[in-house]
Amino acid sequence: MMLTLTIVAAIAVIWLAERSVEHLRLALAALCFMVAVLLFAVTDLERAIVLSAILAAAIAAASYVKYVHSGLKLTVTDLPLAFAGTVPFFIVQYPLAVAAVLAGSIVLGLAAVVAVLTMAGPPVSLELRIVLFLVALAGLVAAYRTGGGALPLQRIAAHQRCFFSTFIASLLDPHSWRAFGGLNLSDIAEDPLPLLPAVPARTLHYPDIIVIQHESIFDPRLYGLPVEPIVEAFLSPNNSLHGILNVDIFGGGSWQSEFSLLTGLSSASFGSNAYFLFKRGVGRFRNSLPNSLAALGYRTMLTSSCRRSFLNYDEFYGSIGISERIFTDDFAAPFDVDQFESTNSDALFLEAALAVHMQRMMEDGAPRFLYALTNFNHGPHNRRLAAPGQFESERAFAAASLPDPHYVEYYARLVETAVTWNRLKSELSVRFPDRPMLIVHYGDHQPVLSRRIEAKLRLGADARRQFRTFYAIETLNGADRTTTGRGPNLDIAFLGTVALQQAGLPLDEVFATRASLLNHCGDAYFASSSERKRRFHRTLVDLGLIDVAPAGRQQT
């Protein structure tokens with residue numbers, strides 16, 4: 001009886017973890033293999049099955065937590081991220097989620113101890129344990145191969161099902177265990193694509209370029225929610241090119257959007273290394289937006305709302321052509337980094353970042369490129385960051401649109417950002433009337449709260465909706481531009497190229513060829529099946545502009 005109950009309970013755990021029959025065979029095969037392995041430790045089926053079910057529940061729960069906060073399920077290659085500086089950030093940003101994970105871990109640990117101490121059954125002979133292990137191993141390999149390997153599960157990484165089998169498939173995927181020193185570019189052809197001729201500049205006066213990554217900002221109108229004029233003017237300014245931006249991430253991982261914008265590549269193309277490109281990609285990407293601008297005489301600068309120690313930012317950005325890199329622990333007084341980190345306010349950060357930028361403009365007449373990384377609208381949105389009395393009418397407007405306190409807080413922060421930028425834009429225009437400027441705004445990813453919005457509004461299923469943000473390209477002081485109005489939906493890998501086109505700057509052969517891919521890839525770079533894109537990647541590798549060689553054999 002006890003054995004029957006444990007089997008039924010284990011199957012129930014797997015069903016709850018999968019929520020689908022799609023890859024149930026792989027999940028059950030993995031459970032059987034875990035039982036066979038644990039039989040060498042506890043010797044009886046009852047405890048081996050219960051412990052396996054507990055382990056499967058822990059994996060599925062961890063995968064669900066990651067899915068809720070990032071839009072993607074857990075894979076084995078996520079585990080090293082715990083040592084990459086993101087855990088402390090997660091603890092600060094999501095204390096309730098961390099507390100729930102710790103509580104769940106304690107409960108499962110106690111359950112495992114109780115099972116070991118009280119649920120012993122008849123022992124299984126060593127010979128039979130060996131046979132069961134071999135059979136289970138063969139069954140696991142067969143289930144993995146007949147199910148198509150890891151690829152089918154990678155395609156549904158953003159879907160709310162198969163939490164256990166996704167992790168197991170990644171564990172069995174050989175690409176997960178490649179030597180950490182090299183990079184694996186997945187969408188690459190065998191034959192290179194000839195590069196197109198360079199495109200000459202349309203203007204003799206190169207504009208200053210400011211690119212602002214707005215943390216976790218998306219257009220509420222994407223969900224059918226209204227916005228006020230100040231927000232509309234920020235998300236889709238008059239006489240700007242603006243539209244929907246498709247990104248590869250949800251809930252976090254901003255550096256992946258940063259990588260895509262600056263290199264013109266999708267971080268997803270690098271598979272298990274996507275999270276770690278700022279560490280493993282140092283010195284490997286020799287064609288980037290900052291490098292190209294520096295070759296045109298631009299002074300390049302990064303201002304980040306994180307400290308210098310965060311995720312190897314300083315070294316990576318230096319390697320792709322940003323010569324001056326300023327972090328929150330570098331800003332001079334009156335900026336107070338400890339005070340700033342209590343809210344990550346855009347009013348404080350953008351004021352400090354633009355102050356440094358404007359000071360450099362006064363010191364040097366060369367055109368400048370500023371890349372500013374904000375952090376204000378990152379979740380959670382369950383705490384009020386604006387001072388009491390500020391933006392009360394805007395909060396009331398948001399609450400009338402959607403009576404959800406998290407959305408109200410998101411909208412209030414968005415308004416503060418819009419008001420701050422409106423003031424700084426006026427200051428730039430007044431102080432430097434003779435310097436044409438092009439400003440690019442974009443959202444790096446949606447925040448977790450957009451799931452709440454979908455649920456509250458009872459919107460139909462759309463797996464791509466949560467990967468859409470916004471872009472807006474505006475000009476100041478008579479800067480030249482090609483197009484205004486509602487623009488096409490863009491993939492973030494194309495945004496840097498479109499910015500160069502809008503600025504009227506020359507395109508070298510690589511950027512000219514990348515611009516031609518817009519017609520072939522449309523609004524989805526990584527997801528596009530374009531053979532020209534794959535051949536373009538081969539060209540970049542052959543020219544040494546992307547170095548995928550293992551460590552120790554990198555090109556110099």
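The model is predicted: local features need pLDDT of at least 70, side-chain atom pairs count only at pLDDT 80 or more, and totals for chains, interfaces and linings use all residues. Residues are numbered from 1 along each chain as its sequence is written, and side-chain values use heavy atoms, with hydrogens and water left out.

Start with the overall form. The C-alpha trace spans about 85 × 60 × 40 Å along its principal axes. The radius of gyration, taken over C-alpha atoms, is 26 Å. That agrees with a compact globule of 556 residues, which would have a value near 24 Å (the rule is 2.2 Å times the number of residues to the power 0.38).

Next, the fold. The chain has 22 helices and nine strands. These are DSSP runs, with helices H or I of at least four residues and strands E of at least two, numbered from the N terminus. Of the contacts (heavy atoms within 4.5 Å) with a separation of 6 or more, 78% join residues 24 or more positions apart.

Now the interior. Buried residues (under 20% relative accessible area, 1.4 Å probe, protein chains only) make up 54% of the chain. A nonpolar core is a set of buried Ala, Val, Leu, Ile, Met, Phe, Trp, Tyr and Cys residues joined through side-chain atoms within 4.5 Å. The largest has 64 residues, and Y317 and Y371 have the most contacts inside it. Helix 19 (residues 492-503) gives the most to this core, with eight residues. Apart from this core lies another, of 48 residues, including F218 and Y407.

Finally, Y371. Beyond its neighbours within four places in sequence, Y371 touches Y317, Y442 and E258, among others.

Definitions and conventions. Buried < 20%, exposed > 50% of the residue type's maximum accessible area, 1.4 Å probe, protein only.
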